Structures are given as structure tokens and as C-alpha cells.
Amino acid sequence: MKKILATSLLLFGMAAFGQTKEDSIQFSKISLEVLNNGKGYNDLRELTKNIGHRLSGSEAYEKSVQWAAQKLRDAGADKVWLQDVMIPVWIRGKESLHIKTSNGSWKSLKMLSLGNSEGTGGKDVSGEIIMVKSMDEYNKLSPEQVKDKILFFNYAFKQSFIETFKGYSDASKYRTTAASLTAKKGGKFAIIRSLSSAFDDVPHTGAMRYEENISKIPAVAIGSTTADELEALLKNQKITAKLNSNCGMKGEKLSHSVIGEITGKKDQSVIVVGGHLDSWDVGEGAHDDGAGIVQSIEVLRTFKKLGIQNNHTIRVVCFANEENGVKGAIQYGKTVKETNEKHLFAIESDAGGFAPRGIALDMDDTRRKQIQSWSKLFLPYGVYNFEEKFSGTDLYPLHDMGVPAAELMPDSQRYFDIHHTEEDTFEKVNRRELLLGAVAMTHIIYMIDKNW
């Protein structure tokens, strides 16, 4: 009798928070389907090996649009369409960075221009390097000290953060502002230490911004070991840097986000699951964000394959232009506002294809607590952290309209070793970890669809 009473109380407690024994069974079915039959890993191989990196505005990106549309059809989407987006076009072109030491010899350094940076127009631009290791050191420099010089921002990624995204956020201000800070004091171009948790010679690109009414001078990144070597040289001699680059903005062009959905059986309220289809023009864009794209498509495929009767419309959005403009997300939000289309929830995967550890919840406390009450369902799948409060970049326009938003949180320890580099390739993605991320996303979409 006591056992029956305890079981009854357990089931009552689960039901009271919107979870039941049937949910646990459905979680298991979802996991079995994805891990045994999931298409995401092979899809990612196709995307990265057959198309490769996919910078907005490139021919490769346009190929990925058609690829994603077909994959959504193959997954069983009831409807697939392309959403028009005007995107900025930035090209890298040839580039080189050399330094000259006191003995007069020139040495080539591995480097990458930062995304959206203007270049040198194919001409050599040179000057003496001045190093700063913090904003405080920069602020102490006078314009006379910087004029016609090269400013080297050597701020190291803080290794003390256990959650590496905090280290990335801490260091990112140097990437976004270095060019304008240098130009304000009369410098010729900026060099930054890459936003990397690794100790290697791999430079990381990523978007930078120009302030209005400030000269648009170049900005480049170098790897961690190169930065350390340059710092050591600067301690006892003057170093000259010479940059030659052809990068720059080339206007705008019409492109597309890719959208597919399965229609809701009860109403047409929308639940969004997505990632961004573009990548930087180095590596293969496997973790950032090919992983998020194939995981999102896998959610839709799994609902269809298992015959889950979704109450609300489940929509996969493969956003355009997240890396250097976020124009796909802005256009999607604008369309939602214009059509007054009701959105219940949105989740993005844009933190790599490593093993899932949690789901960040960017919403009011009532919704947060409801989702947190489901946490025991997720524990057998290694997903335990529901405490963080943020969401993906592409979801900000929806969140600003009041839509509850979320972000898949994979293990972050290796992500910023390869983020925005030539190292972000298919070979760096583990099949089980990638598919477990798709499992977690399908689980949360299932629970939202059932209970909201």
C-alpha cells in the first residue's frame, strides 16, 4: 500500500509540473531514434565537405541555401520557403603581415583580417608597433604617442573562467573596438591577440565594428603564441609591422534565410528551432554553426519519423548572415512583427556541436521555473544546467518582442580553441555529441509543444 501511495504521489507531482511517466517514455523514444537513425552527422559531412565555409554573399553560401531547403524537404517538412534578406558583402582577398626586428630582417606572421575590416587597398602600410595589454594602458597613451604607429592589443583570453563563453565576452571588446580606438589616436592599423582559449599559432577572425565619423583603418588578429613572441621582442627593441590586405565591404546583395515547418494540429502558434547557415571564410564552419543547422533539421525529422502529433507549428529557421550583420534574424523578426504571427518559444543552437550540458532560458521567472521543473527528465541524457539566462544572437529580435527564448549549452571547453578559425572542420565534431545535442533540442521542443 505504501509503495502504491508513493508511486501515486510521484506521478501526481510530475503531472502537476507538466511532466508524466509518458514523457519519460517519449524522451527515450526520441533518444533512441536520433542516436540510432539520426541524419545530422552525415548531413554535416555533406555541408562541410561538399560546400565548405559559407561566408554571407559568397557562392558557397548560396549553394548552402539550396542544400538546406532540400534537407528540410527530406526531413518531412510540410512547407519550405526562402526568406529574402539583404546582406552585407565582405571579401577577404590576399593579405599578409610582416615584422622587422632590429637586425633588419623581415618575418612573416600568420594572421587574419577581422571580419568587416577595411584593408590597405593592396598597398603596404607600415609603422612602429606599440603594445597595450588592457584598456587602462590604452587610455594612458596620448595621440602623440600613437600617431602613425601600429597599436597591438595583447589582451589574453582569461583562463580562469570555467564557462569559456565568459572569457570570450570579456575579451571580445578588443576585437570589436581595436580599429576605431587606434584610429582615434592617429594609428595606422590595429593588431589584436586572437580571442582564443588555446595556446597555439592559429589566428581567429570574427566581426569588428567601426564607430561613426572615425577613420576606417585595418584590424588583424594573430595567434596566441605569435602574440607572446611579439611581446617578448618588444621588450628590448623597436619592431616595425607591415600590412598588405585587400579586404573590404562590397555593398549589399539579395540572399536568403531558409525556413521549413511542420504544421500544428491544434493551432498555428509557432515554436522556432534554429541555427545560422553562414560561417566565416576559413575552416568549414562545422561547429559554428553547421552543427546547429543539422541539429535543428534533426528535430523536425524526429517529430515526423516518430509520428509525434505536434500541437503547434514547429519551424526550423536557418538564419542568414549571423556572423557579420545578423540581417537574417532582423528580417525574420521584422516579418513576425508585420504579420503579427504568434510565437510561443524559440531556441537556437550556436555554441558548437559538443556534448550538451544545459539549456539557457531567457524568459520570465514563471516560464523559467516551469521548464526547470522538468529537469529530472533531462538528467539521464547529461543535460542538467537550466540556470543560465541568455539566448542566441539570432533570437534577440524575437526576445525583444517578448518571445521566450533559449540557447542549447554544449560543453564549452574546446569551443574557443577552434572558433572562427581554419581548425573548425568536420573532423572536430563527434557524432554522438552532435546527436545528443539534437536529442536535447527535440526533448525541450516536445515539452514546450505539449505544455504551452
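**Reading the model**

Tutor: Just after helix α9, Gly-307 takes a positive phi of about 70°. The model is a predicted one.

Student: How many of the residues of α9 are buried?

Tutor: Take buried to mean under 20% relative accessible area. In α9, residues 286–306, that holds for 18 of the 21 residues, so the helix is largely enclosed by the rest of the structure.

Student: What share of the 452 residues in the protein chain is buried?

Tutor: Buried residues are 59% of the chain. The accessible surface comes to about 18800 Å², and carbon and sulfur atoms hold 51% of that surface.

Student: How many helices and strands are there in the chain?

Tutor: The protein chain has 15 helices and 15 strands. Its radius of gyration is 24 Å, close to the 22 Å given by the globule rule for 452 residues, so the chain is as compact as a globular protein of that length. Along the principal axes, the C-alpha atoms fill a box of roughly 85 × 50 × 35 Å.

Student: What is the volume of the largest pocket, and which residues are closest to its centre?

Tutor: The volume of the largest pocket is about 1200 Å³. Its lining has 42 residues, and Tyr-168, Arg-175, Glu-322, Glu-323 and Thr-393 are the closest to the centre.

Student: Which element supplies the largest share of that lining?

Tutor: Helix α7 does, with eight residues. α7 (164–184), β15 (405–410) and α14 (415–418) each give the lining at least two residues. By class, the lining of the largest pocket holds 16 nonpolar, twelve polar and 14 charged residues.

Student: How many cavities of 30 Å³ or more does a search of the whole structure find?

Tutor: The search finds one. A pocket is open, whereas a cavity holds points where a probe fits but cannot get out. The largest cavity has about 50 Å³ of space.

Student: Which residues line the largest cavity?

Tutor: Its lining is formed by Ser-279, Trp-280, Val-282, Gly-285, Asp-288, Glu-323, His-420, Thr-421 and Asp-424. By class, two are nonpolar, four polar and three charged. Glu-323 belongs to this lining and is also among the residues closest to the centre of the largest pocket.

Definitions and conventions: Residues are numbered from 1 along each chain as its sequence is written. This is a predicted model: local features need pLDDT of at least 70, side-chain atom pairs count only at pLDDT 80 or more; totals for chains, interfaces and linings use all residues. Side-chain values use heavy atoms; hydrogens and water are left out. On a 1 Å grid over the protein atoms alone, a cavity is a set of points where a 1.4 Å probe fits but cannot get out, and a pocket is an open set with protein on both sides within 12 Å along at least five of seven lines; lining residues have an atom within 4 Å of a point. Grid points are joined across faces, edges and corners, and a volume is the space filled by probe spheres set on the points. Helices (H or I, at least four residues) and strands (E, at least two) are DSSP runs, numbered from the N terminus. Ala, Val, Leu, Ile, Met, Phe, Trp, Tyr, Cys and Pro count as nonpolar, Asp, Glu, Lys and Arg as charged, and the others, Gly among them, as polar. The radius of gyration is taken over C-alpha atoms; the globule rule is 2.2 Å times the number of residues to the power 0.38. Buried means under 20% relative accessible area, exposed over 50%, partly exposed in between (1.4 Å probe, protein chains only). Accessible areas come from the Shrake-Rupley method with a 1.4 Å probe; for residues, only the protein chains shown count as cover.
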